[in-house]
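Let's take a walk through this model, going from single residues to helix pairs, a sheet and the annotated domains. Have the viewer open and follow along.

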Amino acid sequence: MEIEVTIIMPSYNRYPLNLLSLYALEKQNFDLSKMEVILIDDASTDQTPKIKEYRPPYHFQYIRNSTNVGVATSRNIGLRHARGEIIILFDAETIVPPNYVALNYQHHLTQEKAVVFAGSKRGRVYTFLFPDFTDNQIKAIYEWKEEKSLLNQRLKEVVSQELTLYTLTNHIRHLQEPQQVIKREDIDDIEKLRSIGKYRSYADHLLKYLRVHEHSDSSPLRWMACLGFLSIRRSFMEQVGGYDENFKGWGPEDAEFAYRLYKANANFIIENDLESYHQEHPLLPTIEEDKHRNRLLFEQKHLVFDVCIRALHSIQQTDYELMEKIVLEHQSLTASFPNEFHEFNRAIITLLHQIRINFAENRPPVNLIQNTEFGNDPAAMERILAEKDQIKSYGKYNHLVWLFDKLSTT
């Protein structure tokens with residue numbers, strides 16, 4: 001029977017979390033004979049190679065990279081081996097309920113450029129205890145058990161003494177290998193899964209803004225909410241060129257991919273019934289360094305206002321309504337005056353970009369103007385300020401002018 005859906009799961013040192021993820025896919029109410037899962041083992045050094053012997057009821061491919069190439073390259077490898085026209089992408093430590101594949105699938109039956117992703121039902125769950133969990137992660141587990149009775153029960157089964165933060169920490173620190181606390185039967189029932197998981201605020205502020213204002217299909221910010229897991233037609237994914245393989249380490253290869261989809265006129269669909277749970281795992285020590293380096297790379301590839309505006313979060317409390325007004329005013333300005341205000345436009349993009357440069361160089365985002373090419377050029381600054389005053393005089397671009405003033409005094 002022809003395969004219609006391919007699930008691509010890059011995995012680097014996520015054993016045994018990936019076992020529960022694969023098991024959850026066995027429970028899909030989609031026709032499993034029409035579904036395949038490709039697990040790309042990105043040169044893991046743990047026991048992930050054992051999975052090549054896995055024999056699920058759906059079609060399964062295990063591919064091992066000879067060297068660690070990163071999630072972006074691994075997803076592209078999965079795409080090249082995919083046999084289904086509909087591609088679902090998510091991490092190897094993800095647990096999804098039985099309707100996950102079917103909910104994604106239905107949107108692609110009539111839409112060539114649909115890009116489907118979840119609403120606010122993005123959760124996290126602790127299924128295994130790892131000896132290298134941070135103190136904050138252990139504290140979170142302990143605090144969760146107060147409101148998660150099943151988790152509390154499972155922890156009591158593995159910690160053979162009175163369960164306190166001290167005894168839990170001591171138990172975890174002396175583990176020689178990951179210890180399972182949530183079992184297969186615990187994720188068979190979606191209500192049980194919900195009872196041990198917790199929704200997280202990942203991109204939730206933007207999703208709420210798009211829902212409240214009921215313009216998720218037209219907002220210039222909509223691509224920013226398409227992070228992490230998504231589904232897309234293989235032909236559309238190939239059209240935009242897959243993921244950028246220059247991204248190594250943590251993010252934001254997904255945001256960069258979403259931006260290119262946006263420029264290719266993707267129809268972003270927020271499926272509010274989609275639900276997923278990320279199994280918490282030890283944090284990479286290089287995550288902060290990776291984040292700043294890759295965010296800078298994203299902007300260097302797309303040095304445009306729509307992308308650089310994301311840096312505003314670093315110097316201003318997150319306010320998506322304000323951000324959208326700024327973007328719309330910038331679009332209006334450039335459309336109304338295509339041959340004017342070039343120096344102002346270049347200056348505001350340069351200042352936003354300088355925020356990322358500062359972080360990548362381990363410096364705070366201050367004294368932005370002094371670090372730019374026009375910081376020591378009084379004549380250039382005079383021309384930029386003259387253009388700003390002219391823009392301000394129109395009375396229609398107040399938020400954009402506010403942004404320039406904010407950046408130039410930071």
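Is Lys406 buried, exposed or partly exposed? Lys406 is partly exposed, because its relative accessible area is 25%, where buried means under 20%, exposed over 50% and partly exposed in between, with a 1.4 Å probe and protein chains only. Before going further, a word on ground rules: this is a predicted model, in which local features need pLDDT of at least 70 and side-chain atom pairs count only at pLDDT 80 or more, while totals for chains, interfaces and linings use all residues. Residues are numbered from 1 along each chain as its sequence is written, and side-chain values use heavy atoms, with hydrogens and water left out.

Back to Lys406, which sits in helix α17. Helices (H or I, at least four residues) and strands (E, at least two) are DSSP runs, numbered from the N terminus. Setting aside neighbours within four places in sequence, Lys406 touches Ile315 and Gln316, contact meaning heavy atoms within 4.5 Å. Gln316 is 90 residues from Lys406 along the chain, yet their C-alpha atoms are separated by 9.2 Å.

With neighbours within four places in sequence left out, His292 is in contact with Phe359 and Ala360.

Now for the helix pairs. Two packed helices are described by the angle between their axes and the distance between the axes. Axes here are lines fitted to C-alpha atoms, for helices over the stretch in contact, and angles run from 0 to 180 degrees between N-to-C directions.

| Helix pair | Angle | Axis distance |
|---|---|---|
| α14 (residues 320-336) and α17 (residues 398-408) | about 105° | 8 Å |
| α4 (residues 135-145) and α5 (residues 149-158) | about 115° | 7 Å |

Take α14 and α17, which pack at an angle of about 105°. That makes α14 roughly perpendicular to α17; angles under 35 degrees count as roughly parallel, over 145 as roughly antiparallel, 65 to 115 as roughly perpendicular and the rest as oblique. On the α14 side, the contact is made by Leu322, Lys325, Ile326, Glu329, His330 and Leu333, which meet Asn398, His399, Leu400, Trp402 and Leu403 of α17. By class, the residues of this α14 and α17 contact split into six nonpolar, three polar and two charged. Here Ala, Val, Leu, Ile, Met, Phe, Trp, Tyr, Cys and Pro count as nonpolar, Asp, Glu, Lys and Arg as charged, and the others, Gly among them, as polar.

In the other pair, Ile141, Trp144 and Lys145 of α4 meet Leu151, Asn152 and Leu155 of α5. The contact of α4 with α5 has four nonpolar residues, one polar and one charged.

Helix α3 (residues 100-107) is worth a look too. Six of its eight residues are buried, so α3 is largely enclosed by the rest of the structure. Those buried residues are Tyr100, Val101, Leu103, Asn104, Tyr105 and His107.

On to a sheet. Four strands form an open sheet in the order β5-β13-β7-β10, with mixed pairing; two strands pair if DSSP finds at least two bridges between them. β5 (94-95) and β10 (198-199) stand at the edges with a single partner strand each, so one side of each has no neighbour in the sheet. β5 pairs with β13 (residues 276-279) in the antiparallel sense over two bridges, and Thr94 stands opposite His278 in β13.

Tyr15 and Pro16 are joined by a cis peptide bond, with omega about 5°, and Pro16 is in the loop between β1 (5-11) and α1 (17-26). Ala43 is not a glycine, yet its phi is positive, near 60°. Ala43 lies in the loop between β2 (35-41) and β3 (59-64) and is buried, with a relative accessible area of 12%. Asn362, also not a glycine, has a positive phi of about 60°. Asn362 lies in the loop between α15 (342-360) and α16 (378-393) and is exposed, at 71% relative accessible area.

Finally, the record. UniProt, in an unreviewed entry, annotates residues 6-125 as "domain: Glycosyltransferase 2-like"; positions are in the numbering used here, feature names are shortened, and annotations may be inferred rather than shown by experiment. Over residues 6-125 the chain is 24% helix and 28% strand, with the end C-alpha atoms 25 Å apart.
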